[in-house]
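Please read them with the structure open.

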Amino acid sequence: MKKFYITTAIPYANAKPHIGTAMDYLYADILLRYQIAQGNDALLSVGTDEHGTKVAEKAAANGQSPQEFVDELQPHFEMMRQKLDLDFPHIRNVRTTDEQHARRVEEIWRRLDQAGLIYKDTYEGWYCVGCESFIPENEARAMNFICNDHQKPLEKLSEDNYYLAVSKYTAKIREFIKTAVKPEFRGRELLDLIKDGAKDVSISRPVDKLEWGIPVPGDESQVMYVWIDALSNYLTVIGYPENDEYRDFWPADIEIVGKDIARFHAIIWPAMLLGLGLELPRQLMIHGFINVGGAKMSKSLGNVVSPLEIIDEYGVDAFRYYFARHIPTFEDGDFTWEKFEAAYNGELANDLGNLVSRVANMAKKYMAGDLSSIADANSMSTTSAYLDNLQLATAIDDVWLQIQRANKFVDDQKPWQLAKTGESDQLAATMSKLVSDIRMIARGLLPFLPETSAKIDEIFGSDTVPDTIPILFPKKYLHTEEPSRK
Ligand SMILES: [Zn+2]
């Protein structure tokens with residue numbers, strides 16, 4: 001049986017991982033844990049894109065070889081995945097500087113070439129030496145043929161490159177976008193980009209312009225330029241082409257990308273797969289960006305939010321909670337410390353933390369901590385439906401509805417009064433429903449808050465409530481003022 005396969009975009013290894021990469025990892029891990037909880041065998045691929053001029057330049061500026069530079073960055077990506085509590089046994093990492101990746105990419109190039117999809121052509125256009133990149137005619141004209149960043153006139157340059165015949169597959173790419181891209185409004189934007197047909201793309205550069213990369217097979221004068229090297233990672237990491245294991249995983253069930261790189265995954269990548277005679281990914285999930293107080297996050301504005309700082313101060317589940325629930329899954333979202341602490345104290349500490357501690361304490365008081373007579377919980381079918389549809393924020397909203405209902409049930413039933421007036425049947429029924437509901441909530445939370453879900457399970461998952469009940473989310477006011485107590 002085919003295994004469930006989720007991929008994350010491989011970030012460019014010219015800097016430490018940022019919040020965008022953390023979002024890719026978080027979304028992927030939620031979906032991975034959900035699939036595993038459903039009983040599916042699942043794999044998540046992560047990796048880093050380690051070739052290219054910018055890596056080579058940064059390395060040179062540090063007095064390092066490019067390989068030394070990317071090797072030193074790798075532990076930062078690994079640490080980010082650990083801090084985010086990704087489900088490690090089901091994760092496979094690929095680096096584009098891995099020898100095995102390079103050998104597989106060369107074979108992929110050869111196969112695309114044999115399929116008649118690669119041709120050589122001379123590219124002529126405006127070029128900025130400082131940027132080391134070609135500028136399209138219309139953009140060059142708009143900037144008056146002077147590079148804004150380098151304040152230097154653009155040069156007219158021509159060079160020989162290899163091209164991938166993406167245009168050949170326009171009809172199939174359109175079909176792919178219509179069926180696989182989520183959300184639909186992103187699909188419409190992508191269709192608009194190719195309304196006049198998909199364009200062929202340059203897939204190599206002369207070696208004197210781009211040294212740090214995989215050489216083009218059979219042509220020492222050319223080096224692969226990003227696409228075939230980087231996009232192939234989703235295949236090489238599962239063994240394609242020579243290791244038949246890839247057949248257990250391909251096609252990918254969900255590919256997760258940020259909106260900035262959606263077009264490459266929606267247009268160039270399908271063309272490559274079609275050229276290789278492979279099936280296309282079943283879903284391409286495109287998420288937005290994180291703003292801070294409505295402004296774009298940037299180093300120069302000094303408003304960069306570090307996932308590691310949030311995790312170190314509030315715990316990993318607090319990070320996972322805020323970014324899964326309070327960032328709309330398919331749109332740009334906003335972070336401020338005020339919003340974050342309001343969600344932490346109001347929702348995690350109050351709604352969830354209080355529910356768990358009050359029900360645990362009542363179970364000890366009114367049931368002597370004996371849960372042996374309580375039937376197992378129902379499944380959360382509505383939450384599952386949202387997760388199947390990749391609506392992560394809506395899915396966790398749905399779990400929260402159950403938490404709020406359970407809190408209201410406690411307030412309405414007032415078990416302490418039932419105990420006082422000796423209504424023991426009513427009290428037993430009330431407690432039984434509460435424990436059963438909390439077990440269900442723990443299951444619903446599992447993909448989102450794995451640590452918290454396990455803690456709740458330790459309290460309510462067996463026949464006996466443990467002696468000490470941990471406080472799930474101790475209140476914290478590190479960035480906002482603590483409300484004054486009466
Ligand atoms: Zn420039």
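This is a predicted model: local features need pLDDT of at least 70, side-chain atom pairs count only at pLDDT 80 or more; totals for chains, interfaces and linings use all residues.

1. How do strands of a sheet pair in general? They do so through backbone hydrogen bonds, either parallel or antiparallel. V181 faces L284 of β13.

2. Now strand β1 (residues 4-8). Is it mostly covered or mostly open? Mostly covered: five of its five residues are buried. The side chains split by direction. F4, I6 and T8 point one way from β1, while Y5 and T7 point the other way, and all are buried. The cut-off behind "buried" is 20 or more other C-beta atoms within 10 Å of the residue's own.

3. β1 has a parallel partner in strand β2 (residues 42-48), with four bridges between them. F4 has A42 of β2 as its bridge partner. Between β1 and β2 the chain passes through helix α1 (residues 19-37), and this β-α-β crossover is right-handed.

4. β1 also pairs with strand β12 (residues 254-258). Three bridges join these strands, which run parallel. Here T8 is the residue to look at: its bridge partner in β12 is I256.

5. Next, a helix pair. Two packed helices are described by the angle between their axes and the distance between the axes. For helix α12 (residues 307-314) and helix α13 (residues 316-325), the axes come within 6 Å and cross at roughly 125°. α12 and α13 are therefore oblique to each other.

6. Which residues make the contact of α12 with α13? From α12 they are P307, I310, I311 and Y314; from α13 they are V316, A318 and F319. By class, the contact has seven nonpolar residues, no polar and no charged ones.

7. Last, the whole chain. The protein has 19 helices and 16 strands. Its C-alpha atoms fill a box of roughly 90 × 50 × 40 Å along the principal axes. Of the 486 residues, 40% are buried. Take the contacts between residues at least 6 apart in sequence: 73% of them join residues at least 24 apart.

Notes
Residues are numbered from 1 along each chain as its sequence is written. Axes are lines fitted to C-alpha atoms, for helices over the stretch in contact, and angles run from 0 to 180 degrees between N-to-C directions. Helices (H or I, at least four residues) and strands (E, at least two) are DSSP runs, numbered from the N terminus. Angles under 35 degrees count as roughly parallel, over 145 as roughly antiparallel, 65 to 115 as roughly perpendicular and the rest as oblique. Two residues are in contact if their C-beta atoms, placed from the backbone, lie within 7 Å. Ala, Val, Leu, Ile, Met, Phe, Trp, Tyr, Cys and Pro count as nonpolar, Asp, Glu, Lys and Arg as charged, and the others, Gly among them, as polar. Two strands pair if DSSP finds at least two bridges between them. A residue is buried if 20 or more other C-beta atoms lie within 10 Å of its own, exposed if 12 or fewer, and partly exposed in between; C-beta atoms are placed from the backbone. A crossover is right-handed if, with the strands pointing away from the viewer, the path from the first strand over the helix to the second runs clockwise.
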